[in-house]
Amino acid sequence: KEQSAKTETQTTILGGLEHVYLDPPGMEFSARIDTGAQTSSLNALDIVEFERDGKPFVRFNVIHPQTGEKLELTRRLRRYVRVKELGNKESQRRPVVRMRVVLADIDEQINFTLENRSRFKHQVLIGRNLLQDLAIVDVSKKYTTVKTDSSETGGKK
């Protein structure tokens, strides 16, 4: 019994940069893996908050990683977080949405803060809310995982 428990909890080793599959929009992005960040973050442009059936929602655009075109997504607004960036006295209030992320053998629904990450090289930042207890990060490595075949992940919920 002890042996089978060990293989079930085998830890995934990730590099400082990895390919992640996000659903929605159902495509792969290059992501920075950051153990210093509490929550994962997604590059979101043109953020608009609205209500649907009395519940808060947010509409935003992400940039298609291959074509550079804007893709519009709508997600339920979960909450807000206050984020204080290094060297910035003012904290920012950012909306939080829940999305499915597939990274290596990890397939989870997690929270993402929405922010304009255009100044960064990577649209997606994966933080401890996904990594904790599931992965070890070796920053000397990059793209250690096999690229996700979207046809494999398309049917799963």
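Aspartate 107 is partly exposed, with a relative accessible area of 31%. Here buried means under 20% relative accessible area, exposed over 50%, and partly exposed in between (1.4 Å probe, protein chains only). Aspartate 107 pairs with arginine 100 in a salt bridge, the closest N and O atoms being 2.9 Å apart. A salt bridge is a side-chain nitrogen of Lys or Arg within 4 Å of a carboxyl oxygen of Asp or Glu.

This is a predicted model: local features need pLDDT of at least 70, side-chain atom pairs count only at pLDDT 80 or more, and totals for chains, interfaces and linings use all residues. Residues are numbered from 1 along each chain as its sequence is written, and side-chain values use heavy atoms, leaving out hydrogens and water.

Arginine 100 is buried, at 3% relative accessibility. Arginine 100 also forms a salt bridge with aspartate 23 (3.4 Å, N to O). Arginine 100 sits in strand β8 (residues 91-103) and aspartate 23 in strand β2 (residues 17-23), so this pair ties together parts that are 77 residues apart in sequence. Strands (E, at least two residues) are DSSP runs, numbered from the N terminus.

Another pair is arginine 32 with aspartate 34, a salt bridge with its closest N and O atoms 3.4 Å apart. Arginine 32 is partly exposed, at 38% relative accessible area. Aspartate 34 is buried, at 18% relative accessibility. The whole structure holds 8 salt bridges.

Technical notes: Helices (H or I, at least four residues) and strands (E, at least two) are DSSP runs, numbered from the N terminus.
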